[in-house]
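This report describes a structure with attention to its surface and to the meeting of its chains. Please view the sequence and the model before reading on.

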Amino acid sequence: MALLTLVLAVLATGFLMVSRRSLDAIIRLYALQNILLALVSFELAGGEAHFILAGLALFAVKGVLIPWYLFWLVDRLEVSHEVEGYLSVSLSLLLAGLLTALAFRVGEAFVLPEAPLPQGVPVALALVLLGILSMVSRKKAISQVLGFLALENGVFLMALSESHGLPLFVELGVALDAFAAVFLAGILIFRIKGEMGHVDTARMRSLRG
Amino acid sequence: MLYLLVFLPLLVFLARRETPLLVRLSVLVPVLSLLLAPFLLGRAAGPFRLDGVGLFYLLLTDLIYGLVALFARGYFPREEAWRFYWAGALFLASAHGAYLAHNLGMLWVFVEGSTLASALLVYHKGGARALEATWKYLMLGSVGIAMGLIGVILVYALVGGATLDWGEVRSLVATANPEGLKVAFALLLVGFGTKVGLFPMQAWLPDAHAEAPGPASALLSGTLLNVAFYALLRYTALMQAAGLFPFASGLLLAFGLLSLVFAALFLFGQKEYKRLLAYSSMEHMGLAVFALGLGLPWLALFHTLAHSLSKTLAFLGASGILALSHAKEVGRVGGLVLHTPALGVPFVLSLAALGGLPPFPLFFAEFKAVEVAMQWPWLGVSYLVGLGLAFAGLLYPMAQMGFGQGKPIGGRGWDLWLLWLLLFLLLLLGVFPPVGVFKALEVVLWRL
């Protein structure tokens, strides 16, 4: 029961991330999402030490380090903290609802017989789809990074729900890749700002065909 | 020792930013690993293990990396060369890791690592266009590869969450739920296919390959695409072990054929020769996937080898031309064969090789594929139409740049003998294709 509540709370953070318009709020929601995911993994651990270890490491990287870096990035960039999108709030919420419904509809087919947390699978799919929605519907480079991170959390939840999590060293490798990607994206965002004076990917369109 | 091979490329960082030392180390590292790797065949350590197919790609990558590193010493101005060699070292380390990984999870980690390292190669010095290309590459590549990770997780769950080791997974998939495996393979194909540059996930490829500095483009096309293709090879072998090859084959043939046809159509719209070469990469990776779908892994391996060598030659030639003429467009470069034969002859012949003309090895590869594809006439015919279109798309640039009107360009102290060496290797491979070796590799791939 506690698990189900946690999973639904994760879904709620995913949903809120799509609807909010302030970068700070979205980063906080992302941090919260990681805390909830760490709790899910502790709940599933059943006392296994390596599980707790992986959960703690992921919490440190994704729950603290990445949000901290993103806050620092947003401050240093000196751009407005508002998220500009192609869609209105109500339309993004409508689409998010449709995608979540879709995830719950097809999620059934993804659930494997021995999955330790079958309820997590549709939520994981929903997070992946919501992440993609944020990536394609928003203009600021940094909100695309946040969309990617939400997507990545969906993949993480998928691993937890289907198979009790990936082995420790793989999980750490994946987290390391995610961190390196965010770090690299941060550097690029600085350069984009320096070079073009904005961080609006919608205005990056000199490469065609 | 296998760990040593993964970390060997990082040796380059010892040179810090001193260009001459960077070049020496960047050539020494692949030479060392070329000498060392054959002795490690069959060894295992932790999640790493080197088998024949891994060794083949490892050697190919090191060979190309060594040649490109040598060529690059004349290409980059002194103060910015370190960017290329540093990013290159990171890239080489992740490519080594991917070919040594004997574990589904580690393979994924290193493939993603190679995406990040090669994003640095594309970015190099920056500028609006390079930034745009890098951003697109990073975002599309990461989303694509995330789909691949879901596939890895599904496979892991399907074998009971017991192991991610290749050998063990292979023996376990035979009893796994086939419907689940099909879903997993589709996700893996989309994921790794994004990085291979298959249609319709190729959007990042022409931008990244065209905006990267020339030697980096050669690495992207000649070695990076193979990393993702290698993962596809492994997963196709996994499907075969599970008795699901017919399903995998259908998807591979469809994606391969679509990539061929669309790449051929895109070739016609291109004015810049580096973009042209990028679309030609998409075409040939499509052809390699197609050969895999035909159930001819040996041919797919051969195709990637022939493509890697031809494309490295073409991109190195193109970077020479760009640096000397400062013209990106096909129409503004002409008469290369007459004015600068040392550069022009190998470059024009590389376009002929990519167009699939005999006696080059891609002709042999395409001929073999047509022979088999003709069993299903519509398949064979569409393949031929695609090839014809692609060839026609390359014909005009070949004629214009080789023999057409244009300002003569002066020579410089390039290592042009490298181009002739590549050309010689290509001719050798085309006239005496070592089919036996590749069939032996196929056995390794299919059995292990």
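## A nonpolar patch on the surface

The model shown here is predicted. On its surface, a nonpolar patch is formed by B:Trp417, B:Leu421, B:Phe424, B:Leu428, B:Val431 and B:Phe432. Together these residues have about 630 Å² of accessible area. One of them, B:Phe424, lies in helix H18 of chain B, which covers residues 417-431.

## Extent of the interface

The size of an interface is often given as the accessible area lost when the parts come together. For chain B and chain A, the buried area is about 3,600 Å². Carbon and sulfur atoms give 79% of that area. B:Glu132, B:Trp135 and B:Ile153 supply 20% of the area that chain B buries against chain A, more than any other three residues.

In terms of contacts, 42 residues of chain B meet 40 residues of chain A.

## Polar links and composition

Which kinds of polar link join the two chains?

Five helices of chain B each give two or more residues to the side that touches chain A: H5 (104-123), H6 (128-158), H8 (178-196), H9 (204-211) and H12 (273-293). Among these, H6(B) gives the most, with 21 residues. Sorted by class, this side of chain B has 28 nonpolar, 7 polar and 7 charged residues.

How values were computed
Residues numbered from 1 in each chain as written. Chains lettered and ligands numbered in written order. Predicted model: local features only at pLDDT ≥ 70, side-chain atom pairs only at ≥ 80, totals over all residues. Heavy atoms only, no water. Contact = heavy atoms within 4.5 Å. Buried area = accessible area lost by both parts, 1.4 Å probe. Helix = DSSP H or I, 4+ residues; strand = E, 2+ residues; numbered from the N terminus. Nonpolar A, V, L, I, M, F, W, Y, C, P; charged D, E, K, R; others polar. Patch = residues over 30% accessible without salt bridge, like charges linked within 9 Å, V, L, I, M, F, W, Y side chains within 5 Å. Areas by Shrake-Rupley, 256 points an atom, 1.4 Å probe, with all protein chains shown as cover. Salt bridge = Lys/Arg side-chain N within 4 Å of Asp/Glu carboxyl O.
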